[in-house]
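Here are a few notes to read alongside the model. Have a look at the pockets first, then at the strands.

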Amino acid sequence: MVEPKDLEWVVDGIDLFEAIEADIDSVWPREVRVEPDDVRNNRATLRRAVLEEGWPLLDEVRGKAAFALLDKSGIRDAYIERHPGLINATMFAIVDEDDPAAALISWTQPDSKFDVLTAAVDAGFIVRTRPDSATVEAEEGNYTRQQLAIESGAHILSTDFPGNDDNVSYSLWPSGEPAIRCNPRTAPPDCGDISG
């Protein structure tokens, strides 16, 4: 996830997108990346490719990285304007499920967007959500939102509390939980959790 925060896409004559893509290129060459063109394949749009064919299989992309522009503002719009339909784009973009460029869906509220998240997972999109917000759940030791995030089948859970803070008992994976968990919506019947 590449999150430019509130920066404009051109800052003091520096093209933010060119800088980000150059940084990605310098560490992750094209042959070890999954880009929108790889998912689109020969389909007219990314969305159609995801719905009709799905993402590439894990065995086809193992060892590769995918990058997503984590933004729903004018920065994202400028990136899509530069790469209509995300053709020749380095990064995926966070868009609504009905957008032709849809491949990765992000709603940060698994409580109020649970049905949207599960529908997106079931349709074949890669889905991101947040099991916590700011420090609310951590301060309360409340795992309700986290449980909804997991039950939604979301593939990416973004948190500020992965579990490495000695001063905060709240973490993404509470003690006793499996280290690797089968997706509750998409895993095959023979999938088994792995304790860590």
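**Notes on the pockets and the sheet**

1. The second largest pocket holds about 240 Å³ of space. A pocket here is an open set of points on a 1 Å grid where a 1.4 Å probe fits, with protein on both sides within 12 Å along at least five of seven lines. The volume is the space filled by probe spheres set on the points, which are joined across faces, edges and corners.

2. Just so you know, this is a predicted model: local features need pLDDT of at least 70, side-chain atom pairs need 80 or more, and totals for linings use all residues. Numbering starts from 1 along each chain, and side-chain values use heavy atoms, without hydrogens and water.

3. Among the residues lining that second pocket are E3, K5, D71 and R128; lining means having an atom within 4 Å of a point. The lining splits into 2 nonpolar, 3 polar and 6 charged residues.

4. Now the largest pocket, with a volume of about 1,100 Å³. Its lining has 34 residues, with L58, I126, H155, I156 and N183 nearest the centre. By class, 28 are nonpolar, 5 polar and 1 charged. Charged means Asp, Glu, Lys and Arg; Ala, Val, Leu, Ile, Met, Phe, Trp, Tyr, Cys and Pro are nonpolar, and the others, including Gly, are polar.

5. Strand 4 gives the largest share of that lining, 3 residues. Strands are DSSP runs of E, at least two residues long, numbered from the N terminus.

6. Strand 4 and strand 5 pair over 3 bridges, where pairing takes at least two DSSP bridges.

How values were computed:
Helix = DSSP H or I, 4+ residues; strand = E, 2+ residues; numbered from the N terminus.
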